[in-house]
Structures are given as structure tokens and as C-alpha cells.
Amino acid sequence: PVTATNTLSEYLAHNMLSGVSSISLKDFPQASDTNYLSDALFETIYQNPLIFGIDSATVNPYTNSLVVTYTLDRATQEKHQQLVLREAEAIVGAIITTSMTNLEKEEAINAYLCENLVYDSAALESGKKNDYKYADPEFDDSFTVYGALINKVCVCKGYAEAFKLLADLSELDTLVVSGQIESIGHAWNKVKIEDEWLTLDVTNNDNDIIPNALFNLPDTVASMMLIEDKNYILDANYNNYKGTSTDSEYYHLKNNYFSKDELPQILTSKLSSSFDEIILRTDFDITDNELYEILDYAASNSPANVAFNYMNWLGVIYIKTS
């Protein structure tokens, strides 16, 4: 099965999954629109992680075909597909049950990836060295689902592709999303939960200090950190993938969310007790100055004389005794 929002993307995906180098476009008059064809092509590549080794794709106007070159030969493509699919099926068999809700499936896949994958910092440094236009060839696998599930080492695109594949096999609707974070290319996911398409960034959820800060964020909050482009889906369908609810956000789910109005009393109570660290979430838009004032109040009203350090990331607050 492939992921596509239009017949052209579906057709391209089936051909590219089979490593076809010359794909006839004669049955798709819409492909004569180069913008539409480019849009469909990007959607195909982003939403089907078992397509490996795309190097370039150009139109041959004389044969009305799309000529695709691959960095991997067909035998290697097939080997990668088989290894990844076998591993993905084994993972799903171990962590997913038929009785799970979509939200429970999402949690299980996110947790598995956070626990078992390692971010490839060397690949990131290679990209930085090349002005983030490309990474050295030795890091190619780290940008794919193969790097994520077989090597267990990858960058953001590998995390996002791995989540997509595991979600597909778990009958959970999801997309890979492309864009930027802090002006650097980035990839993450959108997941359909209760008819809402919410933002999930497994790469940033894999954080030892502030975990799952980007788990099922609504669009308004996600856009505070993640800047989407429209490459990942057909432009005409872009507005079909929106989310506004906070009900399925991680800290709301765990009953560990407190409004800014509640926070002074909550933190006063927590600072009064013996603790090594505190993690909770408050309103997404809390500023550092607001948090400082609340913590100053809580510390002043706590009977315990405790020194601590703290961090704030989109309203997720981490406090540790120092």
C-alpha cells in the first residue's frame, strides 16, 4: 500500500517502489503542468518511506516520461525494503495490539523510537559543514527509515519516516511533514487523532530532560517552533490537515498540565516537598519573565530553603535541585 492524495502520486509511488527508471506520463494529462507534477513527486517521496535512493527526476518531453535516477541499484533497494519491512513488522508485533486506540498506538510508537533510536549528530555536523545543503554520502542512511530501524541511528527525517512506516502498519493515519526549525531543514509528523491532525515531532520528543514536549500539539502552538513548507503534500490538499485541540497533548493526557493561574500554588507545594526534579506543563505562551516571577513567589513561600535550576520549553517546565 502507498500513501497518496491523488492518482498521479499513487502511480509514481508504485513505480518508484519498484525502482522503475522511466515512468510513462501519457495517462496523466495533469502532469503537463510542471508545478503539479513537482508537487505530486514531492508528496510521493515524502509519504512513502520505502522508496530508497532517489537521486533525481526529470521529464523527457520527447517520450512524455519521468526519468528517475537512483543512488542505489535495484538489488540494494529491494534488500533495504525487505530488511526494513521485516524489522518494522516485528516492532509493530511487539508493541501494538488490536485493542489499542489510535492514541495508544501513537504513544507506543513514539516511546519505542525515543527509547531505541540515537540522533546522528555527526550527520548534522556534516550538513552544517555543507551549509545544510547536503551531508556527506557516508551519512545517507541516517536520512532514511533504513538508518532509523536497521542502524538505529538517524536524523529527523529518519525519525519521521520510521514513525510513518510503523504507523502505516498499525493502521494509524499519519504524514511526514517537511519544513524548518530554527532556520534549519527539519522533518516531523502529523497524526490523525479524533478527526484532528496534530503535530508530533519524535526527534524533539527524544529528550532526556524535557521529553515529549512536541506530542500532539495544535497548529497554533506547533507553529511557534516548526515552520512548515508545502512540499510534503499536494498544495490543493494542504488545508485538509489541521488541528486545534489540546486534549491529546502529552502533558494534558498525563494530568500534568496546570494553567498559569494554578502554577504559583502548585510549584509552592512541590518546592516544599523533597524532590530531585519536577517536570510539568503550563500555558504554551508563558514567558521566561513570567516563569521567573512565579518561581520567585513559590520559593519565597516555601518553608524549605532549596536551590534549583530550571528550563522552559513551550510551557514545559523542568526544575532540578542544584
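Student: Which residues of helix 2 are buried?
Tutor: The buried ones in helix 2 are Leu-37, Asp-39, Ala-40, Leu-41, Glu-43, Thr-44, Tyr-46 and Gln-47, where buried means under 20% relative accessible area, exposed over 50% and partly exposed in between, with a 1.4 Å probe and protein chains only. This is a predicted model, in which local features need pLDDT of at least 70 and side-chain atom pairs count only at pLDDT 80 or more, while totals for chains, interfaces and linings use all residues. Residues are numbered from 1 along each chain as its sequence is written, and side-chain values use heavy atoms, with hydrogens and water left out.

Student: What do those buried residues of helix 2 pack against?
Tutor: They pack against helix 1 (7–17), strand 2 (54–60), strand 3 (65–70), helix 7 and strand 6 (174–181), a contact being heavy atoms within 4.5 Å. Helices (H or I, at least four residues) and strands (E, at least two) are DSSP runs numbered from the N terminus.

Student: And how many residues has the largest nonpolar core?
Tutor: It has 77 residues, and those with the most contacts inside it are Leu-66, Leu-113, Leu-149 and Phe-163. Helix 7 gives the most to this core, with eight residues. A nonpolar core here is a set of buried Ala, Val, Leu, Ile, Met, Phe, Trp, Tyr and Cys residues joined through side-chain atoms within 4.5 Å.

Student: What does Leu-66 touch?
Tutor: Leaving out residues up to four places away in sequence, Leu-66 touches several residues, including Leu-12, Met-16, Ile-23, Leu-37, Leu-41 and Val-59.

Student: Switching topic, where does Asn-64 lie?
Tutor: Asn-64 lies in the loop between strand 2 and strand 3, and although Asn-64 is not a glycine, its phi is positive, at about 50°. Asn-64 is partly exposed, with a relative accessible area of 37%.

Student: What about Asn-216, buried or exposed?
Tutor: Asn-216 is buried, with a relative accessible area of 0%. This residue lies in strand 9 (residues 215–217), and has a positive phi of about 60° although it is not a glycine.

Student: Last one: how do the residues lining the second largest pocket divide?
Tutor: They divide into 11 nonpolar, six polar and one charged, with Ala, Val, Leu, Ile, Met, Phe, Trp, Tyr, Cys and Pro counted as nonpolar, Asp, Glu, Lys and Arg as charged, and the others, Gly among them, as polar. Helix 3 (74–95) and helix 7 (156–169) each supply at least two residues of that lining.
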